[in-house]
Amino acid sequence: MNLKVFLAFLLIVACVAAYTKKCRKTCSSRTRYTTSCSTSRWSWSRHRCTRYRTSYYTCFGPCPRVNGGWSSWSSYQVVASCSVTCGTGRQHYKKTRSCTNPAPANGGARCYGSSEYTFSFTCSKSPCPVDGQWTDWEDWTPVTECPVLCGGGQTNFTRSRSCSTPMHGGRDCEGEATQNREMHECNTEPCGDRCRDASPTSIAHSDPHKFYECSDSVAYLKKCPDHSTFYAIGEVCVEDTCNSRVFSVVIPATAGSTSCVCQVKGSSTWSVHPAPSSMRKPGCVSKPQD
């Protein structure tokens, strides 16, 4: 064997021997000796017998293998603060253990499993601010009534929206709650048969004190004079009185009152006739004679 290789081998053996842990233990040795003995207790004849003596002493040898064992879990430890600054979040905790009960030694197995266990609980803070939120815009609506029923007119329009109530210190909505359109087109559909030559020149309105009057294929909004009502039959505004008009029904008012409720006679041709005094009732005229 090469001398250098042999010396290297001896060096390795020496290092292993130096770093190999030795444990103290009790060793024993057995030695044999002879002594005189007899074959019987009462026999006087003697001869040599073989005996063994055991002696004990301290020695060193390889230590026994010790497998690792887990310690008890530690108490809960906060890993991080609540995940939110307002509202509801999660807070994380952990507990740990170590492989020291006992620690592995002399080539023993390490502990199996995790040395750390992480978990979380719900955590709550003060409610978060809630900012106000705009609703959708409402439809455009005229500020004043469109001046025509059909044929195209112009009027002012407006639309609005509302802001929900801010909560917990939230901010109010930014921007305007109302928008306006000045002189925007309205009722642009053609009047068609409603304003032809053969049709009536006036059209009733839902408000009995208003009506539409056709001119150049456009139905313009008109208003009766004060204290008068528009009647489609005859296309005129009639004074709100019962003393000088032709009615099919006359209902007297309460006793002592000079007013009455009247309905125009339902005829395509009619004329104004004063009622004979014999037909009159207090404040009203019954159905007059032509």
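My entries on this chain follow.

**Ground rules**

I am working with a predicted model, where local features need pLDDT of at least 70, side-chain atom pairs count only at pLDDT 80 or more, and totals for chains, interfaces and linings use all residues. I number residues from 1 along each chain as its sequence is written, and side-chain values use heavy atoms, with hydrogens and water left out.

**Confidence**

I looked up pLDDT, the predictor's confidence in each residue, from 0 to 100. The chain average is 75. I find 70% of the residues scoring at least 70.

I then went through the elements; helices (H or I, at least four residues) and strands (E, at least two) are DSSP runs, numbered from the N terminus. Strand β4 (residues 88-96) has the highest mean pLDDT, 92. Strand β17 (residues 280-281) has the lowest, 38.

Over residues 242-290 the pLDDT stays under 50. The model still has 74 contacts there beyond four places in sequence. I take contact as heavy atoms within 4.5 Å.

**An open sheet**

I count two strands as paired if DSSP finds at least two bridges between them. Strands of a sheet pair through backbone hydrogen bonds, either parallel or antiparallel.

In which order do the four strands of the open sheet lie? I read β7-β12-β11-β10, with antiparallel pairing. β7 (148-150) and β10 (202-204) each have a single partner strand, so one side of each is left without a neighbour in the sheet. Neighbouring strands are turned by 30 degrees against each other on average, direction ignored. For such angles, axes are lines fitted to C-alpha atoms, for helices over the stretch in contact, and angles run from 0 to 180 degrees between N-to-C directions.

I went through the pairs.

- β7 and β12 (residues 218-223) run antiparallel and are joined by two bridges. Cys 150 has Ala 219 in β12 as its bridge partner.
- β11 and β12 are antiparallel over six bridges. Tyr 212 has Leu 221 in β12 as its bridge partner.
- β10 and β11 (residues 210-215) are antiparallel over three bridges. Ser 202 has Glu 213 in β11 as its bridge partner.

I also checked the hairpin of β11 and β12. Two residues lie between its strands. Asp 216 takes a positive phi there, near 55 degrees.

**Disulfides**

I searched for pairs of cysteine sulfur atoms within 2.5 Å, the cut-off for a disulfide. The structure holds eight. I wrote up some of them. For solvent exposure I use relative accessible area: buried is under 20%, exposed is over 50%, partly exposed is in between (1.4 Å probe, protein chains only).

Cys 86 is joined to Cys 128, S to S 2.0 Å. This link is right-handed, with 100 degrees about the S-S bond. Cys 86 sits in the loop between β3 (77-78) and β4, and Cys 128 in the loop between β5 (116-124) and β6 (141-142), 42 residues apart. Cys 86 is partly exposed at 21%. Cys 128 is partly exposed at 30%.

Cys 99 is joined to Cys 111, S to S 2.0 Å. I get a right-handed link with 80 degrees about the S-S bond. Both cysteines lie in the loop between β4 and β5, twelve residues apart. Are they buried or exposed? Cys 99 is buried at 17%, and Cys 111 is buried at 17%.

Cys 163 and Cys 173 have their sulfur atoms 2.0 Å apart. Their link is right-handed, with 80 degrees about the S-S bond. Both lie in the loop between β8 (153-160) and β9 (178-186), ten residues apart. Cys 163 is partly exposed at 27%, whereas Cys 173 is buried at 14%.

**Nonpolar cores**

I define a nonpolar core as a set of buried Ala, Val, Leu, Ile, Met, Phe, Trp, Tyr and Cys residues joined through side-chain atoms within 4.5 Å.

Which residues make up the largest nonpolar core? I list eight: Leu 149, Cys 150, Cys 191, Cys 195, Ile 203, Tyr 212, Cys 214 and Ala 219. β7 and β11 are the elements that give two or more residues to this core. Another core, of five residues, lies apart from it; Val 148, Phe 157, Cys 186 and Val 218 are among them.

Leaving out residues up to four places away in sequence, Ile 203 touches Leu 149, Arg 194, Cys 195, Phe 211, Tyr 212, Cys 214, Ala 219 and Phe 230.
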